[in-house]
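Here is a short briefing on one protein model. Keep the sequence and the 3D view open while you read.

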Amino acid sequence: MVRPGTRGVVLDLDDTLYLERDYVRSGFGAVAEHLAAGWDVDAARVREHLWRRFTEGERGSHFDDLVSGDPALRDRVHVPDLVEVYRHHVPAIRLLPGIEDLVGALRSAGLRTGVISDGALASQQAKVDALAVDRLIEGPVVLTDVWGREGWKPHPRAFLHVQQAWSLPPEDLVYVGDNPHKDFDAPRDLGWACVRLRLPGQLHADVPDRVVPDLTVTSVGALAEALTPAPRLR
Ligand SMILES: [Mg+2]
């Protein structure tokens, strides 16, 4: 057990419950279909172009570059509309193998389970719905964007919210995340244990630790081992 006496485990969503790159690919597909339906462009070509740029490391300007670089779209397509399509599409994503069993084991062991996730509210809600997170996780499922951008990690508000919802002290709680840029500042400052899940294919897999977590695991199986209480000897 990462810390004896743990009574609640809160998980991040993106790149912790599922692989975020799958959401990105799914969203690009939705945007490509949207463009093909309204303008003279080939959906497969658009999808491949966006995905190639993403795998090359492009972040944040995919749609601007796509529109400005294509005479069929330039001055006719509004990039904010594409962002809306992306955020509101029904994503084709799946829980990482082993996550369902892990959460089931935690709940069977009597631990509370919750989620804290940043990101545009429409996107995050669509992911929660697609993954049936509300059925998996006891809750709360905190989407920090309900408080606006200032409520996103590393702001401690979501972590304080969970402490209060469960009436549990910080030392009884664990946060599991993947992103060294922002996941562990607030829980560490508050006194939670921090676990980094570091898997191939995560967007931040290669980012070095900034706040050093209590534990880093490199598989969902190892995470389950670290979080599930050892069976008592009879
Ligand atoms: Mg994440």
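Proline 154 sits in the loop that runs between strand 3 and helix 8 (157–166). The peptide bond joining lysine 153 to proline 154 is cis, with omega about 10°. Bear in mind that this is a predicted model.

**Cis peptide bonds**
- Most peptide bonds are trans, and most residues other than glycine have a negative phi.
- Glycine 139 and proline 140 are also joined by a cis peptide bond, and omega there is about 10°.
- Proline 140 belongs to the loop between helix 7 (133–136) and strand 3 (141–143).

**Positive phi outside glycine**
- Alanine 132 has a positive phi, near 55°, although the residue is not glycine.
- Its place is the loop between helix 6 (121–131) and helix 7.
- Alanine 132 counts as exposed because it has 11 C-beta neighbours inside 10 Å, and the cut-off for exposed is 12 or fewer.
- Serine 167 is another non-glycine residue with positive phi, here near 50°.
- Serine 167 lies in the loop that links helix 8 and strand 4 (173–177).
- Serine 167 is exposed too, since 6 other C-beta atoms lie within 10 Å.

- Six strands form an open sheet in the order 3-2-1-4-5-6, and the pairing is parallel.
- Strand 3 and strand 6 (215–217) are the edge strands, each pairing on one side only.
- On average, neighbouring strands of this sheet are turned by 20° against each other, direction ignored.
- Within the sheet, strand 4 pairs with strand 5 (residues 193–197) in the parallel sense, over four bridges.
- Valine 176 stands opposite valine 195 of strand 5.

**Helix 1 against helix 4**
- Two packed helices are described by the angle and the distance between their axes.
- How do helix 1 (residues 20–38) and helix 4 (residues 79–88) cross? Their axes come within 8 Å and cross at roughly 130°.
- That angle makes helix 1 oblique to helix 4, because it falls between the perpendicular range of 65 to 115 degrees and the antiparallel range over 145.
- The crossing of helix 1 and helix 4 is right-handed.
- Helix 1 contributes Gly27, Ala30, Val31 and His34 to the contact, and helix 4 contributes Leu82, Val85 and Tyr86.
- Five of these contact residues are nonpolar, two are polar and none is charged.

Definitions and conventions: Residues are numbered from 1 along each chain as its sequence is written. This is a predicted model: local features need pLDDT of at least 70, side-chain atom pairs count only at pLDDT 80 or more; totals for chains, interfaces and linings use all residues. Axes are lines fitted to C-alpha atoms, for helices over the stretch in contact, and angles run from 0 to 180 degrees between N-to-C directions. Helices (H or I, at least four residues) and strands (E, at least two) are DSSP runs, numbered from the N terminus. Angles under 35 degrees count as roughly parallel, over 145 as roughly antiparallel, 65 to 115 as roughly perpendicular and the rest as oblique. A crossing is left-handed if the near helix is turned anticlockwise from the far one by less than a right angle, and right-handed if clockwise. Two residues are in contact if their C-beta atoms, placed from the backbone, lie within 7 Å. Ala, Val, Leu, Ile, Met, Phe, Trp, Tyr, Cys and Pro count as nonpolar, Asp, Glu, Lys and Arg as charged, and the others, Gly among them, as polar. A residue is buried if 20 or more other C-beta atoms lie within 10 Å of its own, exposed if 12 or fewer, and partly exposed in between; C-beta atoms are placed from the backbone. Two strands pair if DSSP finds at least two bridges between them.
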